[in-house]
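Dear colleague,

Please find below the structure that I am handing over to you, with its sequence. My notes on it follow directly after.

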Amino acid sequence: MNLIDIVNDSFKNEKVASYPKFKAGDTITVTYRIKEGEKERLQKFRGVVIQLRGCSAATRTFTVRRVASGVGVERIFPMESPFIHSIELNKIGKVRRARIFYLRELSGKKARIKEKMNIAPSAE
């Protein structure tokens, strides 16, 4: 084991390893901490992942998009952010691209993403 591997192992965040595996097209709920003065609260942001970016764990980010009151809102979260409390995977989407920016121009039913069906083998 060389020195670079030792440093990378020491900086690995255990919380990031507990996050579910997700990709573009998946619907997730990100719960993150917000500081307002001396108070601190948790807020949830639910939306569709439109891109994952970055190679190393330290620079990895993901962008989540949702439509609130008819206005598209996108938020970029660093994967290693200490403000992220939890990530919950709600739906697994079926898309054919790694970055689904075409979702920005669509609205209504056109903006829906097909859900991937997970069919478990029946135990007989």
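In this predicted model, the largest pocket has a lining of 18 residues. Those that lie nearest its centre are Thr27, Val48, Ala111, Arg112 and Ile113. The space in this pocket comes to about 370 Å³. By class, seven of the lining residues are nonpolar, six are charged and five are polar. At least two lining residues come from each of strand E2 (39-53) and strand E3 (61-68). The most is given by E3, which supplies three residues.

Two individual residues also deserve a remark.

In general, most residues other than glycine have a negative phi. Serine 69 counts as exposed because its relative accessibility is 80%, the cut-off being over 50%.

The other subject is glycine 93, in the segment that comes after strand E5 (84-91). Glycine 93 has a relative accessibility of 4% and therefore counts as buried, for which the value must be under 20%. Which residues is glycine 93 in contact with, leaving aside its neighbours within four places in sequence? They are Lys23, Gly25, Asp26, Ile113, Lys114 and Lys116. For one of these, lysine 114, the C-alpha to C-alpha distance to glycine 93 is 5.8 Å, although the two are 21 residues apart in sequence. Ile113, another of these contacts, is also among the residues nearest the centre of the largest pocket.

Yours sincerely

Conventions. Residues are numbered from 1 along each chain as its sequence is written. This is a predicted model: local features need pLDDT of at least 70, side-chain atom pairs count only at pLDDT 80 or more; totals for chains, interfaces and linings use all residues. Side-chain values use heavy atoms; hydrogens and water are left out. On a 1 Å grid over the protein atoms alone, a cavity is a set of points where a 1.4 Å probe fits but cannot get out, and a pocket is an open set with protein on both sides within 12 Å along at least five of seven lines; lining residues have an atom within 4 Å of a point. Grid points are joined across faces, edges and corners, and a volume is the space filled by probe spheres set on the points. Helices (H or I, at least four residues) and strands (E, at least two) are DSSP runs, numbered from the N terminus. Ala, Val, Leu, Ile, Met, Phe, Trp, Tyr, Cys and Pro count as nonpolar, Asp, Glu, Lys and Arg as charged, and the others, Gly among them, as polar. Buried means under 20% relative accessible area, exposed over 50%, partly exposed in between (1.4 Å probe, protein chains only). Contact means heavy atoms within 4.5 Å.
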